[in-house]
Amino acid sequence: MKRATVADSGAARGARPAPPVTAAYLERAALHYLERYSASVEMLRRTLRRRVEKRARARGEEASAFFEMIEATVARAVSAGLVDDARFATARLATLRRRGTSSRGASAKLSAKGLSRDAVDTAMEAEREAVPEADSAAIEEKAAFAYAKRRRLGPFRRPDIRALHRDRDLAALARAGFGYDLARRTVDAEEVPDGA
């Protein structure tokens, strides 16, 4: 007895074939994605490519034939102001800092979202300029304490086991991208600074 494949079972039930990829479809897909998520230009491009590749595979077509349509859709989203790498980088950097991400970690995560090195550097420079000169060094310290709090490291551990886990806590902060001096100050802190 022959086993029914997924394609056979869909055809037997009268399932409709996937509709063709059109400019209107790509625009709807882009708007649907941007309604739900804040995105960089590259994130939108990757999302549309994945959708096109899936639909083209279902229809037995070559996905690369639609890449020009994807670029046109992305260009329209940029010109309409729906996607802005600078705005995305600034907002995402603020979120990462609140979660306790180091400068190195934030730079890597923003680059992974498809942002250029210039966009990342500009967002980090804007972050430093937004605080008074005396407090600009405290950005990384605040992030280190936020990370320690989220992971319950150093001063956020139970006092009876804190000394046992000192080296492990230092290693965790180092893996997160914080320098040794800052990691040591964070782990050995007796009290948490204001605003951290």
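The legends below accompany several close-up views of a predicted model.

**View 1. Overall architecture of the protein chain, which has 10 helices and zero strands.** Read from the N terminus on, the elements of the predicted protein chain run α-α-α-α-α-α-α-α-α-α. The protein chain comprises 196 residues, of which 36% count as buried. When contacts between residues at least 6 apart in sequence are considered, 62% of them join residues at least 24 apart.

**View 2. The largest nonpolar core, with 31 residues.** The residues with the most contacts inside this core are Leu26, Leu34, Leu44, Leu48, Val52 and Leu115. At least two residues of the core are supplied by each of helix H2 (23-36), helix H3 (41-59), helix H4 (67-79), helix H5 (85-99), helix H6 (103-112) and helix H7 (117-129). Apart from this core lies another one, of 13 residues, which includes Leu153, Leu170, Ala176 and Phe178. As general background, nonpolar side chains tend to be buried together in soluble globular proteins.

**View 3. The surroundings of Leu115, one of the residues with the most contacts inside the largest nonpolar core.** Once neighbours within four places in sequence are left aside, Leu115 is in contact with Ser40, Asp85, Phe88, Ala89, Leu110 and Val120.

**View 4. Ile70 in helix H4.** Ile70 has a relative accessible area of 0% and is therefore buried, the cut-off being under 20%. Not counting residues up to four places away in sequence, Ile70 touches Leu26, Arg45, Leu48, Arg49 and Val52; of these partners, Leu26, Leu48 and Val52 are also listed among the residues with the most contacts inside the largest nonpolar core. Between the C-alpha atoms of Ile70 and Thr47, which are 23 residues apart along the chain, the separation is 9.9 Å.

**View 5. The packing of H5 against H6.** The axes of H5 and H6 are 10 Å apart, and the two helices pack at an angle of about 140°. An angle of over 145 degrees would count as roughly antiparallel, so H5 and H6 are instead described as oblique to each other. The crossing in which H5 passes H6 is right-handed.

**View 6. The packing of H6 against H7.** Here, too, the angle is about 140° and the axes lie 10 Å apart, which makes H6 oblique to H7. H6 and H7 form a right-handed crossing. The residues of the contact between H6 and H7 comprise four nonpolar, three polar and one charged.

**View 7. Asp169 in helix H9, which spans residues 166-175.** Asp169 is buried because its relative accessible area is 0%. Leaving out residues up to four places away in sequence, Asp169 touches Leu153, Gly154, Arg157 and Val187.

Key:
Residues are numbered from 1 along each chain as its sequence is written. This is a predicted model: local features need pLDDT of at least 70, side-chain atom pairs count only at pLDDT 80 or more; totals for chains, interfaces and linings use all residues. Side-chain values use heavy atoms; hydrogens and water are left out. A nonpolar core is a set of buried Ala, Val, Leu, Ile, Met, Phe, Trp, Tyr and Cys residues joined through side-chain atoms within 4.5 Å. Buried means under 20% relative accessible area, exposed over 50%, partly exposed in between (1.4 Å probe, protein chains only). Helices (H or I, at least four residues) and strands (E, at least two) are DSSP runs, numbered from the N terminus. Contact means heavy atoms within 4.5 Å. Axes are lines fitted to C-alpha atoms, for helices over the stretch in contact, and angles run from 0 to 180 degrees between N-to-C directions. Angles under 35 degrees count as roughly parallel, over 145 as roughly antiparallel, 65 to 115 as roughly perpendicular and the rest as oblique. A crossing is left-handed if the near helix is turned anticlockwise from the far one by less than a right angle, and right-handed if clockwise. Ala, Val, Leu, Ile, Met, Phe, Trp, Tyr, Cys and Pro count as nonpolar, Asp, Glu, Lys and Arg as charged, and the others, Gly among them, as polar.
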